[in-house]
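Trainee: I'm new to this one. Could you walk me through it?

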Amino acid sequence: MNSGRATWGLARFSRSRAPAEGRSGTVPLWNRRTMLGRTAQAAAAMMVGHHLEGPWTAPAAGAEEADRAIWDAHVHLAGVPGTVQQRIDGLLAYAGRMGIERVVVSMGTSFVPDPSPEDLRKQNDEVLRAIAHAPHRVFGLVYLNPKHTQESLREMDRCVRDGPMVGVKLWIAMECRRPELDPLVRRAVELKAPILQHAYDRVGGNMPGESSPADVAVLAARHPEAAFICAHTGNDWERGIRTIRGAKNVWAEVSGSDPTAGFVEMAVRELGAERVLYGSDAGGRSFASQLAKVLSADLPEAAKRLILGGNLRRLLSGRPTVTPLSRSRERGRG
């Protein structure tokens, strides 16, 4: 990726987020020192984002700020040290320095590719603790295994219907085109819960049970009323974007791969900005490197706002646990 172009994109986005009281018409009234400082911080964040720390401060409530708020669709507790509370505190500190307001967390403190029913409950309990620790900044997805249908349905009821989680996470226990997933998808539709499905196209062949974007497209065709997020867009993103192009109920999520120029532009060109989501895959990837894919993209600011949060807010709008930003800010920082 061209570092100059990426820094320009980050600086340009920073200018668009200037405080309302510091604007005159469309030109923010920041002095040169402030502008250079913000630009340097953004550029440094791309290279050493994992070293950044600091408190997160909620911006002033309002329709424009809500529209610009960055929500990260793909975050994990694994990959960072400490207890659940320490891990989420660290992740939120880094996210806050990048201007990320909310994160969607799935899976627990260790990666379990083919979880037993007991593993599922433990993993989901850890995410529930993360939500409880920072309820105004953390959403959660319930982790399921299609090999354990009844136990997975019970976890959906416990964590989504009767709990605070907002969607479903499926990883690599089983290729998602298989019919065993159908009961879980039908229940997700009833709960208005989007499904985030890991999807890869590996050069040497996928891991056992690992889904590809083609698998996601097959499952989505069987369930046109469901909403699917194709995590990583296959990693081989050119192929992945084309594969899901005709599946109108599948959103491309850009996390996990190297910040290669052209990924987000192609996704918008082929799918429309309304079907592209920002996610980081932290703590396996830095927030900064994944944000750079969007911020440095040659796209209108309105398209970037959709990708960085607007589309995710629409996907989650049917969930009662998704509180409007202005109300959550009135309640205080989470």
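Trainee: In what order do the strands of the open sheet come?

Mentor: Keep in mind that this is a predicted model, where local features need pLDDT of at least 70, side-chain atom pairs count only at pLDDT 80 or more, and totals for chains, interfaces and linings use all residues. Residues are numbered from 1 along each chain as its sequence is written, and side-chain values use heavy atoms, leaving out hydrogens and water. Strands (E, at least two residues) and helices (H or I, at least four) are DSSP runs numbered from the N terminus, and two strands pair if DSSP finds at least two bridges between them. The open sheet has eight strands with parallel pairing, in the order 3-4-5-6-7-8-9-10.

Trainee: Which strands stand at the edges?

Mentor: Look for strands with a single partner, because one side of each is then left without a neighbour in the sheet. That picks out strand 3 (70-75) and strand 10 (276-277).

Trainee: What is the bridge partner of His198 in strand 8?

Mentor: Strand 7 (residues 195-200) and strand 8 (residues 228-234) run parallel, joined by five bridges. For His198, the partner in strand 8 is Ala231.

Trainee: And which helix packs on the sheet, touching strand 8 and strand 9?

Mentor: Contact here means heavy atoms within 4.5 Å. Angles run from 0 to 180 degrees between N-to-C directions, with axes fitted to C-alpha atoms, for helices over the stretch in contact. The helix touching strand 8 and strand 9 (250-253) makes about 150° with the direction of strand 8, and covers residues 237-244: helix 9.

Trainee: How many residues has the largest nonpolar core?

Mentor: Such a core is a set of buried Ala, Val, Leu, Ile, Met, Phe, Trp, Tyr and Cys residues joined through side-chain atoms within 4.5 Å. Buried means under 20% relative accessible area, exposed over 50%, partly exposed in between (1.4 Å probe, protein chains only). Phe228 is among those with the most contacts inside the largest core, and its contacts include Val185, Ile195 and Trp251. The residue count of that core is 72.

Key. Lists of a residue's contacts leave out its neighbours within four places in sequence.
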